[in-house]
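Trainee: Please take me through this model. I would like to start with one annotated site and then turn to the chain contact.

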Number of protein chains: 2
Amino acid sequence: MGLVVQKFGGTSVGSVERIKKVAERIARTREEGDQVVVTVSAMGKTTDRLVALAEEISDDPPRREMDVLLTTGEQVSIALLSMALLEAGVEACPMTGWQAGIRTNEVHGSARIEQIDPTPILKCLDRGEIVIVAGFQGVSEEGEITTLGRGGSDTTAVALAAALKADRCEIYTDVTGVFTADPRIAPKAGKLSEISFEEMLEMANLGAGVLHPRSVECAMTHQVPLVVRSSFVEEEGTWVKEADSMEEELNVRGVAHDLDVARIKVLGLPNRTETLTRLFQKLADARINVDMIVTSEHDDERIDVAFSVHEQEWEPAGQVIENHQQELGHLKILSETGLAKVSAVGAGMVTHPGVAAKMFTSLSDAGIRIKMVSTSEIKISCVIPREQAGKAVRELHTVFGLDVKESALATAGS
Amino acid sequence: MGLVVQKFGGTSVGSVERIKKVAERIARTREEGDQVVVTVSAMGKTTDRLVALAEEISDDPPRREMDVLLTTGEQVSIALLSMALLEAGVEACPMTGWQAGIRTNEVHGSARIEQIDPTPILKCLDRGEIVIVAGFQGVSEEGEITTLGRGGSDTTAVALAAALKADRCEIYTDVTGVFTADPRIAPKAGKLSEISFEEMLEMANLGAGVLHPRSVECAMTHQVPLVVRSSFVEEEGTWVKEADSMEEELNVRGVAHDLDVARIKVLGLPNRTETLTRLFQKLADARINVDMIVTSEHDDERIDVAFSVHEQEWEPAGQVIENHQQELGHLKILSETGLAKVSAVGAGMVTHPGVAAKMFTSLSDAGIRIKMVSTSEIKISCVIPREQAGKAVRELHTVFGLDVKESALATAGS
């Protein structure tokens, strides 16, 4: 008898009808002989509704109170799903984060799981019950309710799988798996049957919204085999696991994109060792995530620094730098919004030095202007104008041989 | 510096606007120098909405899951109220039932509070914060979420006041206090400035919906002075406290009524000692609350029993008796719905033997048919046809000298 952790997101439990479907699926897994621990998100638009209530009271609602408020969403889901399972004749046990022993640090709104005491869950499993745990939430050592922030429910699922030494963690979502590119943009994108943790991490970080990077990181650290599959369609999903089990010949596994990119250029910073440290420390203090960084010489005594941020953080980032003009000593700030990032990802890339050249050539042949470049062992990213992103994704998808053949597409679509 | 527990019901926190008003009121109490612990219900129609969700899944939703579901309602309220207080510049600390140390037994849906560990609340009070506790909920020794059932939030407030040895417990509601009768039915009803625990208990049990009897019982046991007042109007409320501080000359303090009464007559039960025990044990097993009981002789060997129940319980009660016809040995069941109960309540009554006679005379003079009577030391109740209830309440209100003088009414209405 195995142990499986299954996670169902907000769309999968978006209505009572869907909750009943989810219950049927869980019951089927149980019938196949596995023990099942389930984690769920809040129903569809619940979180938005709660956020709107809070914003009627405060322009900047306090994070601790937000956590108390938002965690009710998943609590509703576990109650309803447990009812649906009982209705289907399966004994279940609903647990909030604190009941499931999910201990986090005290950073309200984006807490990290510190440990999970498996005792309460194991007790229910021993009674032959299915355990349903509220995703996205935990409790601090002080007994305060916390939330894990973005991607929280995926992280809950993986952390539970790790703590319970589960055989696998199944992430049910509204797509059928991880694709070589976003099928809405690249119609010839195909579903991957396997992808390595490292590749998935790059894809996730690069905006392939199927899995949150935190959950992939956690799965990689604890070697929890993940499978991403559809809540709605009965179909094999994509396995995310150790690279060694995979064919290495494919040098690029997928093309990812991110449509919300802005670039800030800080011109004429004094060319001293501490300049960059100061600049990026100020941004980190303001909780601004900087993505790509490029430096170049301005003149003999000064340098220019360009970096990319999420478009939402463009204004605060500029503000922070302006506020510290005195201390930083730069001459000018330039910024540009309306950008996107396209990336080629693949573990085989490091042994195929031609990939970067191929990427730049195909983009410039297609008339796409590359504004920034960043590379790692398993990916190459280019910042380009947003309106050219779709074209760029399709171009790279074809150039790197990822396009699904017409015949295969016809089968997938039938 | 005193310690005050304040309770705000569902109507008082029915919208964001109202929550802000409640926050202002709490802040005022704080400014007057008292420490404040607040308990709140779920916002307006939240509970109904959650119940409807559950009923879409199951015709008879499991009670444990219902508790997990319904407790989210108060959790939303504590979060929003705490935000509103912080917005008003007052430090507050929201606590769910389990966080506030409210330990109950394990009867899901109608749990009783067994003990309250005051440590977490005192810790917040010591930091100068206002503590906001979710009403209606607690946690069992096993760590399961429980709810207290009807009147739960009032009970939470009183139990907190008792555990914290508060100076008083203020129940804020949508009326300005306890009246000598329901002002919607008896326009000359006046607000009482004081009422004893015992009288309030009778009034509460008799359908004066201001306070739930459980909370009054708890206040009486722990000698917690209660005051009932309006969330919306700035006006002195009604104090509920020990009788010794009150004028004893008023023999009837109020007239209560209950519009949902049904009567069941069980005819020709064998006249044996165990007959009544059996009959009422069967009803108790089916969780049916029997109110008034009258027995009379049927013939030498048989008796008739009539009893009243809440109109909603008329059908299940009849069913239970029919199902046990063999064992009970009765000849026939008769039932009547569409009844009401009117009651005169007052601690002075026991020393004024004329009250019952006065009540019967005035009702029959007004052409009202009395179908059942029951008396206690501080009340007399009559079951009458429902359509005559308004007339009966007004009649008794006048006969017992409770009518407010025209001049006083004019003032109250201004």
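**Site and interface**

Mentor: A:Glu74 is found in helix α3 of chain A; helices are DSSP runs (H or I, at least four residues), numbered from the N terminus. This is a predicted model, where local features need pLDDT of at least 70, side-chain atom pairs count only at pLDDT 80 or more, and totals for chains, interfaces and linings use all residues. Residues are numbered from 1 along each chain as written, chains are lettered from A and ligands numbered from 1 in written order, and side-chain values use heavy atoms, without hydrogens and water.

Trainee: Is A:Glu74 buried or exposed?

Mentor: Buried means under 20% relative accessible area, exposed over 50%, partly exposed in between (1.4 Å probe, protein chains only). The relative accessible area of A:Glu74 is 3%, so A:Glu74 is buried.

Trainee: Which residues does UniProt list for "binding site"?

Mentor: The entry is unreviewed, and such annotations may be inferred rather than shown by experiment. UniProt lists A:Thr47 and A:Glu74. They span 28 residues in sequence, yet they gather at one spot, because no two of their C-alpha atoms are more than 9.2 Å apart.

Trainee: How many salt bridges are there between chain A and chain B?

Mentor: A salt bridge is a side-chain nitrogen of Lys or Arg within 4 Å of a carboxyl oxygen of Asp or Glu. B:Lys123 and A:Glu142 meet in a salt bridge, at 3.7 Å, N to O. Between chain A and chain B, the count is two salt bridges.

Terms used: Helices (H or I, at least four residues) and strands (E, at least two) are DSSP runs, numbered from the N terminus.
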